[in-house]
Amino acid sequence: MGGPRGAGWVAAGLLLGAGACYCIYRLTRGRRRGDRELGIRSSKSAGGTAGFPAEDLTDGSYDDVLNAEQLQKLLYLLESTEDPVIIERALITLGNNAAFSVNQAIIRELGGIPIVANKINHSNQSTKEKALNALNNLSVNVENQIKIKIYISQVCEDVFSGPLNSAVQLAGLRLLTNMTVTNDHQHMLHSYITDLFQVLLTGNGNTKVQVLKLLLNLSENPAMTEGLLRAQVDSSFLSLYDSHVAKEILLRVLTLFQNINNCLKIEGHLAVQPTFTEGSLFFLLHGEECAQKIRALVDHHDAEVKEKVVTIIPKI
């Protein structure tokens, strides 16, 4: 381990001690199978000791857990080093440890959230992704969300200005999805709703699913209904209701329609009917073409889709 990078590891060893330094060193060698990312929360039910349940998407091949002292030293290393390899692997290690509820609180109390968030400004796209993944795990804790919310606008800008279907875009969408599981911070996405629909229509299958998970969070909140219905959405959106569309997408766009209709019917909501412009989501969802497409799905080959359609048709 000669040269500048070797010197970096010597410094890391002095700071972290053998155990924590070994954690990072293992991650820098060979295969990258240890990346641990938080899966998207599938429901709003609370769980664990810190807030919401997290789904771990790794194969479980890397399970080193650091204690509070090691986490503090790791955060110091992340803040002080300029070595891109050490930065990226430190972010992975922090993200892995943030999958545990007790560490989500410890990292916050150690002042780690702004240290991690600072790396979403990094010029290296892989580093940005790892920083977003770490914030994603940290955002499972509702107290952490209070500190993470100040970065929502920046994450939105990165998501909508960066390359379509990129790892950074997906990581940003996952973080925004976690941050909108409750209604507390959803209003911060008001000005980005039209952009969300644009990415939905142009993205690949994985991107479409991720955007829909985020839109479904928003669609359950009556306070977001008008903003959703005002969004300017291309008419190609209605093609998502075609019978050949993948089930994981079709079920979600049907649920989006259902959620928005349910919110419209909440007593007292939108009592004064706003004026929606042509080309808005309101015109698409309440037009005859949408109604025809949904009715046609009553004969869909998938039982789950048919069941969903049967519950929606009386509301059309």
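**Exercise 1.** Is Phe276 buried or exposed by its relative accessibility?

*Solution.* Buried means under 20% relative accessible area, exposed over 50%, and partly exposed in between, with a 1.4 Å probe and protein chains only. Phe276 has 8% relative accessibility, so Phe276 counts as buried.

The model is predicted: local features need pLDDT of at least 70, side-chain atom pairs count only at pLDDT 80 or more, and totals for chains, interfaces and linings use all residues. Residues are numbered from 1 along each chain as its sequence is written, and side-chain values use heavy atoms, with hydrogens and water left out.

**Exercise 2.** Classify the aromatic pairs that involve Phe282 with Phe276 and with Phe283.

*Solution.* Rings of Phe, Tyr and Trp (its six-membered ring) pair if their centres lie within 6.5 Å; planes under 30 degrees apart count as stacked, over 60 as edge-to-face and the rest as tilted. The count by this rule is five aromatic pairs. For Phe276 and Phe282, the centres are 4.5 Å apart and the planes 15 degrees, hence stacked. For Phe282 and Phe283, the values are 6.0 Å and 75 degrees, hence edge-to-face. Phe282 is partly exposed at 24%, and Phe283 is partly exposed at 42%.

**Exercise 3.** Compare the span of helix α11 with the expected one, and state how many of its residues are buried.

*Solution.* Helices are DSSP runs (H or I, at least four residues), numbered from the N terminus. The expected span is 1.5 Å times one less than the number of residues. Helix α11 (residues 205–219) has 15 residues, and its C-alpha span of 20 Å is close to the expected 21 Å. Of these 15 residues, 12 are buried, including Val209 and Leu215.

Notes. Helix = DSSP H or I, 4+ residues; strand = E, 2+ residues; numbered from the N terminus.
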